[in-house]
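Open the model in your viewer and get ready to select residues by number. We will go stop by stop.

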Amino acid sequence: MGFEFATKCIYGNGKDYDKDKTGAISFPIYQTATYAHPEVGQSTGFDYSRLQNPTRQQVEHVVAALEGGVDALAFSSGMAAITTLMELFRPGDHLITDADLYGGSIRLFNHVSEKNGITFSHIDCAEEDIENYVKDNTKAIFIETPTNPMMSVIDVRKVSEIAKRHGLLLIVDNTFMSPYFQKPFELGADLIIHSGTKFLGGHNDTLSGFIVTNSQELSDKLRFLIKTVGSGLAPFDSWLILRGIKTLPIRMEKAQENAKAIVDYLIKEPKVLKVYYPGIEGTKGYEICKSQASGFGSMLTFEVESRELALHILKSTKLIPFAESLGGTETLLTYPTTQTHADVPEEVRIKIGITDRVLRLSAGIEDKQDLIADLKQAFSSFKKDI
Ligand SMILES: *Cc1c(COP(=O)(O)O)cnc(C)c1O
């Protein structure tokens, strides 16, 4: 259907807007576990909320519309979505993944999927020739772009050509950009993952996850899995995500504006060694990001002079909390070494560039002057510590 993106954020594609007797503008929360059947062999379309619930169905329709997919499935968290996704594979299957992924995905693959007989090649998908790693039993390629936390940009169209040539599924975790800035199906992806906890929900108050499909066959397999493993999103949480998505476009724009202002400040800050942000002109990822996304997002990573300075900043900001997560109204600072990437083996972490001098920042939608003033005072109070 023909709605533009911002309208879809509020109405989805329109067809399931709740037109019940009350005319409620806000989609109702159907807080029910089960549903009465008219008679044997008949159903209202809803039987039991592990299978489906109207509020969950509505958020699924909205997310499917935003990504341009045929279906979306809502899960209790991003990790619940990825864990259910892995049930598409069998013992003996092999997957190629980027080495620089969300730490929880790496933990799942290394500690759960491998135990279940699935093997992985964790490679640098931005630099290495992926084709060298394709084996007879390879089934899929799993990437994020920009990567977390080093913000390297992977050319999704190029990866999709390789996936198509070898009959592999291309799975893209689109959490960092959200469908507002990047639409992986248009670049050749087969499945899209979201941690809805981040930009979609957008308020640092609810966990959720999504798998978006663009084929009925994959959708049927995943619908079988969600009802079997029981990892679907609860009605109230579905409603919170529906509400969050309504403001996705204005939040994405404002957070990106703040991120750009913070990047400009950090580049000039003498105690910062390097800033990683795809929107910095002249960097490797810039042109690729420009060719496949309509913005650069609001996630950035920076390396400071020393571990001591990194630790000082984390305890000295007065406005910006030191907390895991991203994509919400509040700007957050994260220390990947001990937080998101604590379970990644140290040698792998260092190789990717996640040293103990690296901080990740998710820009929120506060006033940028306050954010920069807070970072400035944290940097300038460092000397006093020694
Ligand atoms: C947070 C995150 C996840 C995991 O999602 P949860 O909702 O925390 O379970 C997966 N991928 C990326 C890129 C993330 O940032």
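## Stop 1: the largest pocket

Start with the largest pocket, whose volume is about 860 Å³. Keep in mind that this model is predicted. Select D124, A126, E127, S152 and K284: of the 36 lining residues, these lie nearest the centre of the pocket.

Now colour the elements around the largest pocket. Those that give two or more residues to its lining are β3 (119-123), α5 (156-165), β8 (272-276), α10 (284-292) and α12 (346-352). Which element gives the largest share of this lining? It is α12, with four residues.

## Stop 2

Move on to the second largest pocket, which holds about 340 Å³ of space. Its lining has 22 residues. Select G78, Y102, S195, T197 and K198, which lie nearest its centre. Two elements to show here are α3 (78-85) and β6 (191-195), which each give two or more residues to the lining of the second largest pocket.

Colour by class again. The lining of the second largest pocket divides into eight nonpolar, nine polar and five charged residues.

## Stop 2: the ligand

- G78: a polar backbone atom lies 2.9 Å from an oxygen atom of the ligand.
- S195: a polar side-chain atom is 2.8 Å from an oxygen atom of the ligand.
- K198: an N or O atom in the side chain is 2.8 Å from an oxygen atom of the ligand.

## Stop 4

Rolling a probe the size of a water molecule over the atoms shows where empty space is left. How many cavities of 30 Å³ or more does the structure hold? There is one. The largest cavity has about 40 Å³ of space.

To find the largest cavity, select its lining: F199, R251, M252, A255, G327, G328, T329 and I365. By class, this lining has four nonpolar, three polar and one charged residues.

## Stop 3: aromatic rings

Show the aromatic side chains. The structure holds nine aromatic pairs. Zoom in on F109 and F142: their ring centres are 5.3 Å apart and their planes stand at 85°, so this pair is edge-to-face.

Are F109 and F142 buried or exposed? Both are buried.

Then select F5, Y180 and F181. These residues form one aromatic cluster.

## Stop 4: a strand residue

Finish at V358, which is found in strand β11 (residues 358-362). V358 counts as buried because its relative accessibility is 0%. V358 and S381 are 23 residues apart along the chain, and their C-alpha atoms are separated by 19 Å.

Note on methods. Residues are numbered from 1 along each chain as its sequence is written. This is a predicted model: local features need pLDDT of at least 70, side-chain atom pairs count only at pLDDT 80 or more; totals for chains, interfaces and linings use all residues. Side-chain values use heavy atoms; hydrogens and water are left out. On a 1 Å grid over the protein atoms alone, a cavity is a set of points where a 1.4 Å probe fits but cannot get out, and a pocket is an open set with protein on both sides within 12 Å along at least five of seven lines; lining residues have an atom within 4 Å of a point. Grid points are joined across faces, edges and corners, and a volume is the space filled by probe spheres set on the points. Ala, Val, Leu, Ile, Met, Phe, Trp, Tyr, Cys and Pro count as nonpolar, Asp, Glu, Lys and Arg as charged, and the others, Gly among them, as polar. Rings of Phe, Tyr and Trp (its six-membered ring) pair if their centres lie within 6.5 Å; planes under 30 degrees apart count as stacked, over 60 as edge-to-face and the rest as tilted. Buried means under 20% relative accessible area, exposed over 50%, partly exposed in between (1.4 Å probe, protein chains only). A polar contact is a pair of N or O atoms within 3.5 Å; within protein, one must be able to donate a hydrogen and the other to accept it, and residues adjacent in sequence count only if both atoms are side-chain atoms.
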